[in-house]
Amino acid sequence: MRDWAEPQPHAAGQGQIDLTRAQRLARRLCENCKKPADYPRESMLKAGFKPEELDGNWKPYRAVGCSSCNNGYKGRVGIYQVMPITEAIQRIILAEGTALDIAKQAEREGVRDLRQSGLIKVRAGVTTLEEVILCTNE
Ligand SMILES: [Zn+2]
């Protein structure tokens with residue numbers, strides 16, 4: 001599995017932190033045979049959904065499988081984390097902050113991490129909760 005987007009020209013330097021374009025590929029649900037899934041609320045919360053997101057107005061889907069797909073999946077869907085380099089993040093980089101420092105600042109600034117980006121795809125019915133958990137377990 002390819003973990004990262006195209007190599008960045010500037011990332012050739014020594015130990016440069018590049019959190020800006022993390023990417024994972026999850027298997028895409030087959031539109032033909034996917035079915036709504038009933039996950040326990042607890043599992044959904046544990047996966048990272050917020051209580052207010054579980055309002056009962058939508059359902060995650062599960063893989064089923066039919067003659068036109070592979071075990072309920074067909075193709076791939078990218079899960080991206082795109083991090084804008086804000087002034088605050090730039091300061092941390094210049095001060096030789098760690099990846100953790102940057103991740104914390106990004107969180108303060110409301111940047112979605114990979115898991116959260118994946119959960120949006122679950123909510124949209126594009127992939128399954130299992131796939132997102134599998135792809136974004138760091
Ligand atoms: Zn199918």
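# Exercises on a predicted model

From the N terminus on, the elements of the protein chain run β-β-α-β-β-α-α-α-α. The model is predicted.

## Exercise 1: The chain as a whole

Count the helices and strands in the protein chain, then state what share of its residues is buried.

*Solution.* 
- Step 1. The protein chain holds five helices and four strands.
- Step 2. The protein chain has 138 residues, and buried residues make up 21% of them.
- Step 3. Now look at contacts between residues at least 6 apart in sequence. Of these contacts, 72% join residues at least 24 apart.

## Exercise 2: Ser43

Decide whether Ser43 is buried or exposed.

*Solution.* 
- Step 1. Find the residue. Ser43 belongs to helix H1, which spans residues 41-47.
- Step 2. Count its neighbours. Within 10 Å there are 12 other C-beta atoms.
- Step 3. Apply the cut-off. A residue is exposed if it has 12 or fewer such neighbours, so Ser43 is exposed.
- Step 4. Check one distance. Ser43 and Leu129 are 86 residues apart along the chain, and their C-alpha atoms are separated by 9.6 Å.

## Exercise 3: The buried face of H5

List the buried residues of helix H5 and explain why they line one face of the helix.

*Solution.* 
- Step 1. H5 covers residues 129-136. Its buried residues are Leu129, Glu131, Val132, Cys135 and Thr136.
- Step 2. Look down the axis of H5. The buried residues fall within an arc of 160°, so they line one face of the helix.
- Step 3. Recall the helix geometry. An α-helix has 3.6 residues a turn, so residues three or four places apart point the same way.

## Exercise 4: H4 against H5

Describe how the axes of helices H4 and H5 are arranged, and name the residues that meet.

*Solution.* 
- Step 1. Two packed helices are described by the angle between their axes and the distance between the axes.
- Step 2. Read the values. The axes of H4 (residues 114-123) and H5 come within 9 Å and cross at roughly 165°.
- Step 3. Classify the angle. Angles over 145 degrees count as roughly antiparallel, and H4 and H5 are therefore roughly antiparallel to each other.
- Step 4. The crossing of H4 and H5 is right-handed.
- Step 5. Name the contacts. From H4 come Leu114, Arg115, Gly118, Leu119, Lys121 and Val122; from H5 come Leu129, Val132, Cys135 and Thr136.
- Step 6. Sort the contact residues. Six are nonpolar, two polar and two charged.

## Exercise 5: H4 and what follows

*Solution.*

Note on methods. Residues numbered from 1 in each chain as written. Predicted model: local features only at pLDDT ≥ 70, side-chain atom pairs only at ≥ 80, totals over all residues. Buried ≥ 20, exposed ≤ 12 C-beta atoms within 10 Å, placed from the backbone. Helix = DSSP H or I, 4+ residues; strand = E, 2+ residues; numbered from the N terminus. Arc of directions from axis to C-beta. Axes fitted to C-alpha atoms, helices over the stretch in contact; angles between N-to-C directions. Parallel < 35°, antiparallel > 145°, perpendicular 65-115°, else oblique. Left-handed = near helix turned anticlockwise from the far one by under 90°. Contact = placed C-beta atoms within 7 Å. Nonpolar A, V, L, I, M, F, W, Y, C, P; charged D, E, K, R; others polar.
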